[in-house]
Amino acid sequence: MDRNMFASDNYSGICPEAWQAMTEANSGYVNSYGDDRWTAKACDALRDFFATDCQVFFAFNGTAANSLALASLCRSYHSIICHDMAHVETDECGAVEFFSNGTKVLLVPGEGGKIDPAAVTHTVERRTDIHYPKPKVLSITQATELGTLYSIDELQAVGELAKRHQLKLHMDGARFANALATLDVPAAELTWRAGVDVLTFGGTKNGMAVGEAVVFFDRQLAEEFDYRCKQAGQLASKMRYLAAPWVGMLERGTLLDNALHANRCAKLLAEQLLQIPEIKLVHPVQANAVFVQMPEKLIEALQTAGWHFYTFIGSGHARFMCSWQTSEDDIRTFGTELERIAAALSSASGEE
Ligand SMILES: *Cc1c(COP(=O)(O)O)cnc(C)c1O
């Protein structure tokens, strides 16, 4: 059996609804570079979804979507404030700095992957002189890299914080649907009504083959963004294939269904993991990730048995991810094997 299933949500394949939508778009000749009816429909579907007249673009991946969106919010002498575990800082190979021509990323700490508002204020206010890169943007991740969520109240507080310090607010929503699924509020509440200026909305981890939407709630900020995408090599010529899955998945409600399923699986997986007394949960399971602390020996034994999961995110904890493709059977199989391996280890240590 496949023991890769919990490594990352981007280990999953393309969900049937996304595949179906691409098949539907796959007939005849269609105008290129986004001048097609699928792209127009996808933008409209996203406007409906967010209940506002937002400006929408599609990029191939999250790194490009994030860094181009952030670059459009600042000049090279500005700075972007984000959490020290933010994907834009730790997993994008300096793309933000590159595409913004050197805008500095300033890091703040915070519990559970969420920025500490006091640290943001300190970062903005500690210097106001010309020698310091002027803070211009606050970037947050929802759901966070640690599988936690900003509640609506926390989000509104972040929005007010950004406003107070005259910072634009960017949201990395690679797992935005997972946040929405748990919080069960209209998408508008989690974004522009809370003060988010730009959202990068992830499709890939939710079940698409490829593609993230960049959603500008403040249309002025989107000025010439199309040129930025083109220059960065992010303007798809056969755009219909990036756009069509958004149409299909928004029309059928698949984005939310997939996220609900993945989140529910994460809860089940956490239950399985926590049956082993040596395993401790390190962050509340609020989206599709489970972060646990477990003995090094158990990590090794699971890996030897072929189970693949990440241990480099956070601080040496084990991360297990669920996706639209995770099945309850897989979780039960894993649970049974985990129990067997843990029991073998503890009887071995008893014999020492
Ligand atoms: C996966 C992910 C992205 C996008 O990464 P790409 O590999 O560039 O598509 C962005 N932000 C977060 C928090 C992610 O987990």
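Two strands are said to pair if DSSP finds at least two bridges between them. In this predicted model, Val292 stands opposite Ala318 in strand S10. Strand S9 covers residues 289–293, and its pairing with S10 is antiparallel, extending over four bridges. Within this pairing, Ala289 has Met321 of S10 as its bridge partner.

S9 and S10 belong to an open sheet of three strands, arranged in the order S8-S9-S10 with antiparallel pairing. Strand S8 (280–281) and strand S10 (318–321) are at the edges; each has a single partner strand, so one side of each lacks a neighbour in the sheet.

Buried here denotes a relative accessible area under 20%.

Helix H11 (residues 254–274) lies across S8, S9 and S10. The helix runs at about 15° to S9.

## Helix H12

Helix H12 comprises residues 296–304, and its buried residues are Leu298, Ile299 and Leu302. Viewed down the helix axis, the buried residues of H12 fall within an arc of 105°, so they line one face of the helix. An α-helix has 3.6 residues a turn, so residues three or four places apart point the same way.

The face of H12 turned away from the buried side carries Glu296, Lys297 and Thr304, which are exposed. Just after H12, Gly306 adopts a positive phi of about 100°.

## The enclosed helix H8

Helix H8 spans residues 176–183; six of its eight residues are buried, so this helix is largely enclosed by the rest of the structure. The buried residues are Phe176, Ala177, Asn178, Ala179, Leu180 and Ala181.

Asp184 has a positive phi of about 55°, although it is not a glycine. With a relative accessibility of 67%, Asp184 counts as exposed, whereas Asn178 in H8 is buried.

## Cavities

Rolling a probe the size of a water molecule over the atoms shows where empty space is left. The model contains two cavities of 30 Å³ or more, and the largest cavity holds about 50 Å³ of space.

The largest cavity is lined by Asn178, Lys205, Asn206, Asn258, Ala259, Ala262, Asn288, Cys322, Ser323 and Trp324. Helix H11 supplies the largest share of this lining, with three residues. Asn178, one of the lining residues, is also among the buried residues of H8.

## The seven-stranded sheet

A second open sheet has seven strands in the order S1-S7-S6-S5-S4-S2-S3, and its pairing is mixed. Its edge strands are strand S1 (55–59) and strand S3 (104–108), each of which pairs on one side only. From one strand to the next, the twist averages 25°.

Within this sheet, S6 and S7 pair in the antiparallel sense over five bridges. Phe201 stands opposite Ala213 in S7.

## Loops and backbone features

The peptide bond from Gln142 to Ala143 is cis, with omega near -10°. Ala143 is located in the loop between strand S4 (134–141) and helix H7 (152–164).

Glu224 is not a glycine, yet it has a positive phi of about 65°. This residue lies in the loop between strand S7 (212–216) and helix H9 (225–231). At 53% relative accessibility, Glu224 counts as exposed. Arg75, found in the loop between helix H3 (62–71) and strand S2 (78–83), is exposed with a relative accessible area of 54%. Arg75 and Lys104 are separated by 29 residues in sequence and by 10.0 Å in space, C-alpha to C-alpha.

How values were computed. Residues numbered from 1 in each chain as written. Predicted model: local features only at pLDDT ≥ 70, side-chain atom pairs only at ≥ 80, totals over all residues. Heavy atoms only, no water. Helix = DSSP H or I, 4+ residues; strand = E, 2+ residues; numbered from the N terminus. Contact = heavy atoms within 4.5 Å. Axes fitted to C-alpha atoms, helices over the stretch in contact; angles between N-to-C directions. Buried < 20%, exposed > 50% of the residue type's maximum accessible area, 1.4 Å probe, protein only. Arc of directions from axis to C-beta. 1 Å grid on protein atoms, 1.4 Å probe; cavity = no way out; pocket = protein on both sides within 12 Å on 5 of 7 lines; lining within 4 Å. Points joined across faces, edges and corners; volume = space filled by probe spheres on them.
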